[in-house]
Amino acid sequence: MTAPEENGPELPEREILAAEYVLGLLDAAVTLKARGLLTSNPEFAEQVARWEDRLAPLLDTMTPAAPGDDMWPRIQAALDQADLAGEPVIEVLALRRRVRTWKIATGFSAAAALALAFVALPNLRAPAPDTLPDAGPPAVGQAQQFAAADPLVASIPIGDTQLRLGVTYLPDREEMLVSASGLSADGVHDHELWLVTANQGTKSLGVVVPGEERRVPVDRALAKQLHNGSSLVLTREPIGGAGPNGVAGPIVASGNLRET
Amino acid sequence: MNDPGPHSTDVDTARTRLREAMQRLAEGDRGALEWIYQATSAKLFGICLRILGDRGEAEDALQDVYVSLWQRAKTYDPGRASPISWLAVFARNRAIDRLRKSKVRSGSVPVDEALELPDKEPMADAILESGERSARIHHCLGTLEERQQDAIRTAFFEGTTYAELAEQRAVPLGTMKSWVRRGLAKLKRCLEE
């Protein structure tokens, strides 16, 4: 046999693109172009599907391996959360973050914030919105918020560990308390908390600080998205979080806000 | 309805049952997902593990796979080749996405080990084999030049981009693209012979 590459013509450009897309050879810009085509061009989608089918048998060579016994329960738990959110979790992975909802508060005692919030809570059952102290954008509230002024709580298990990320939303105070006590940093990743909204994609609730409790201001737009069953996901990100135009990293934990 | 699980040893029957389960899944049957999980998780976890080279990452990826599957079941086209192929690519894509976003690449298994034959998983065998198509792709890849095979395999198993491949192999980007594109054209011709 002589030089195989001399045989025959190259494939049409579109079909090459399909194969390159399947293989993952493309840079970010061309990948986006291919994804656009995938949704708008049935012929291209068909070519992608064909290449996937052609290459799929390569995966037969991979040795099967048994995942941990807790895998199925984990999946079920994730499904429950995803169902409630009504929003595909997969979208979380691909969505560019739109809003950096908060920045890490500096110079503020997280423990003090927590204490303050809980101490203040009994007095805030039915306040006028504009009397709320230090609550970010004023006059959020409206009937909807104050009608459901009970805190929402999520306790998010972290992987296989006994640890949990505690999230408490206090509608009256328009803030969310994120407790990561017990968690420790690995030095190479940060973890970022996201709210999965029904129709506005995901919203970052900021980087979780291991071992600390933080309060996150909840603005009006965000408050509207918070309700019993709201889905939260924790992703693994580079140090500093996903960045202004970053893509959310892999989901490492998830949970739902529940009425107490 | 309450299928006891994938114990069939007949490839066609197994494939049919998986396809049926996928269709039930698309109709929102959670039980179908559990059946599919039991039937396919070893294979899909093997893929995630192989690509990510890290058990924790692979388990996270596997969770993504089944949660995404549940949410995307409607996108499965029963007319497409084999359902396990679709699932395998689905898992591979999730794992590659994860690989790119994390820094676990250094721990991944070398490509050569991908050529190991699978263990005999009694449950998995029948349902998971795509049979002769598998042999065909290996044969056809084998007809390519070494450097073409290398580039295509590396991209497929590691999600390596053209730019990364060119850098790793110390060739100009245009050269790498040319190798791969000619390789793909030849691969397609061979597969369709």
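A residue counts as buried if 20 or more other C-beta atoms lie within 10 Å of its own, as exposed if 12 or fewer do, and as partly exposed in between, with C-beta atoms placed from the backbone. Buried residues make up 40% of the 260 residues in chain A. This is a predicted model: local features need pLDDT of at least 70, side-chain atom pairs count only at pLDDT 80 or more, and totals for chains, interfaces and linings use all residues. Residues are numbered from 1 along each chain as its sequence is written, while chains are lettered from A and ligands numbered from 1 in the order in which they are written.

**Chain A overall**
- Chain A has eight helices and nine strands; these are DSSP runs numbered from the N terminus (helices H or I, at least four residues; strands E, at least two).
- Of the chain A contacts between residues at least 6 apart in sequence, 71% join residues at least 24 apart; a contact needs C-beta atoms, placed from the backbone, within 7 Å.

**The sheet in chain A**
- Five strands form an open, antiparallel sheet in the order β6-β3-β2-β1-β9; strands pair if DSSP finds at least two bridges between them.
- Its edge strands, β6 (213-217) and β9 (258-259), each pair on one side only.
- Two bridges join β1 (residues 152-157) to β9(A).
- L152(A) has E259(A) as its bridge partner in β9(A).

**Helix α7 in chain B**
- G159(B) follows α7(B) and has a positive phi, near 65°.

How values were computed. Two residues are in contact if their C-beta atoms, placed from the backbone, lie within 7 Å.
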